[in-house]
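Grab a pencil and work through these exercises with the structure open beside you. Try each task before you read its solution.

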Amino acid sequence: MKPENERFERLMRLPPVLRGGFRPFFLGGAAWAVIALALWLATLFGIMTLPSAFDPLAWHRHEMLFGYLGAVIAGFLLTAVPNWTGRLPIAGGRLAALAGLWLAARLGMLFSAEVGGLTACALDVGFLAVLTFMIGREILAAKNRNVPILVAMSLFTLADALDQIEALGGVVLGGLGWRMGFAIVLLLIALIGGRIIPSFTRNWLSKQGVKAGLPTQPGRFDYFTIGITALALVGWAFASQSPLSGGLLVIAGTLQFVRLARWSGLKAFREPLVLILHVSFLWLPLGLMLTGSSLFLPYIPFSASLHLLSAGAMASMTLAVMTRATLGHTGHALRANRSTQAIFVLMTLGALARFAAPMMPFDYMLGLLVAGVLWAGAFLLFVIAYASKLIGPRPDGKP
């Protein structure tokens, strides 16, 4: 039997949900985003008390960053690495065990007051460490050029550990863990977004017959911008109140905005799956500029500007990639139906509402509730609209 046929038969014997890493992790991550935000809002409004050893705000921040985003990153990398390396995907029992470890970590973090902070920490950091080991082995075995992704994942695991150590009362520079995690995710968005957004935009425009003004692949300006962004984010992670860090964030945001403007996003206005990538990336320069400016302009709330990066850039970009990757890897047409378009609208409105909540002429808590319902609604709709695709077999009979 030829290797390709053997691979096909082997994957076809597995349940569809265990044939690719994006399947359990995109579905589980989206569901957890809804659950975690609902629990946070219920705690915020005094409806319940979290059974976690973490401070409620620290738990909310941790679970959005290392819980939800950890799952999406896992789904993306477990799907991308086989394409990069040409090796078989991590599937079946190994994938089920990794997904089970992620779920155990989420439950451990939620019920850490009962199971103990050390147990929760071991499960949580252990998931990212095992994920990094798995993808690292694949990348190194294939001598693939994406070693920087492995470095980023190792640092993301370290950031998780630092956040856990601080929560357990260890001596860590205040907030370093979560700021470091933020910095790594934002750099991944800048790096990977800079690859896929111009590429997808160029492909779609070419199909429409557009020949002039097509976006190009990353060049010297892009790499310079990413370098300045990395410098700004590292400075912010270690010295968040430094005027120098604030100034670098403003400069990095400005450069990222210029970079985005070169990708011809307005020409792709009629294709939601492409347009949402540009809208999602737009949150990055806006968030960098306003987060930096908040150090100099007291009327810009730091929390609001920070949510442009989290509820805006991180959440929007992940949903944009999740919808596109799910459609493509499950054999469905790359077309945004009404449900998918509604997901994008809810996410955008939710991010806008969260940013504007402290500045609106009505009760701040009401603003948070509206923003939370819109934001969580986007993920809930993703679960409803995409669960059958993620759990079920491909319509074309392929694995």
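**Exercise 1. How far is Arg-324 from the ring centre of Phe-200, and where does it lie?**

Keep in mind that this is a predicted model. Start by finding the ring of Phe-200, then look for Arg-324: it lies over the face of that ring, 3.9 Å from the ring centre. A charge counts as sitting over a ring only if it is within 6 Å of the centre and within 35 degrees of the ring normal.

**Exercise 2. Which kind of aromatic pair do Phe-25 and Trp-102 form?**

Searching the whole structure turns up 12 aromatic pairs. For Phe-25 and Trp-102, the centres are 6.4 Å apart and the planes are at 75°. Planes over 60 degrees apart count as edge-to-face, so this pair is edge-to-face. Next, check where the partners sit: Phe-25 is in helix H2 (residues 22–44) and Trp-102 in helix H4 (residues 92–110), so to speak 77 residues apart. Both residues are buried.

**Exercise 3. Why is the pair of Trp-263 and Phe-281 edge-to-face?**

The ring centres are 5.0 Å apart and the planes stand at 65°, so the pair of Trp-263 and Phe-281 is edge-to-face. Trp-263 is in the loop between helix H10 (243–261) and helix H11 (272–293), while Phe-281 is in H11, so the pair ties together parts 18 residues apart in sequence. Trp-263 and Phe-281 are both buried.

**Exercise 4. How do H2 and H4 run relative to each other?**

Take the axes: they come within 11 Å and cross at roughly 5°. Angles under 35 degrees count as roughly parallel, so H2 is roughly parallel to H4. Who makes the contact? On the H2 side, the residues include Pro-24, Phe-25 and Trp-32, and on the H4 side they include Leu-95, Trp-102 and Arg-106. Sort the contact residues and you get 9 nonpolar, 2 polar and 1 charged.

**Exercise 5. Are Lys-143 and Ser-264 buried or exposed?**

Lys-143 has a positive phi of about 50° although it isn't a glycine. Its place is the loop between helix H6 (117–141) and helix H7 (147–167). With 76% relative accessibility, Lys-143 counts as exposed. Ser-264 also isn't glycine, and its phi is positive, near 60°. You'll find Ser-264 in the loop between H10 and H11. At 12% relative accessibility, Ser-264 counts as buried.

Notes. Residues are numbered from 1 along each chain as its sequence is written. This is a predicted model: local features need pLDDT of at least 70, side-chain atom pairs count only at pLDDT 80 or more; totals for chains, interfaces and linings use all residues. Side-chain values use heavy atoms; hydrogens and water are left out. Rings of Phe, Tyr and Trp (its six-membered ring) pair if their centres lie within 6.5 Å; planes under 30 degrees apart count as stacked, over 60 as edge-to-face and the rest as tilted. Helices (H or I, at least four residues) and strands (E, at least two) are DSSP runs, numbered from the N terminus. Buried means under 20% relative accessible area, exposed over 50%, partly exposed in between (1.4 Å probe, protein chains only). Axes are lines fitted to C-alpha atoms, for helices over the stretch in contact, and angles run from 0 to 180 degrees between N-to-C directions. Angles under 35 degrees count as roughly parallel, over 145 as roughly antiparallel, 65 to 115 as roughly perpendicular and the rest as oblique. Contact means heavy atoms within 4.5 Å. Ala, Val, Leu, Ile, Met, Phe, Trp, Tyr, Cys and Pro count as nonpolar, Asp, Glu, Lys and Arg as charged, and the others, Gly among them, as polar.
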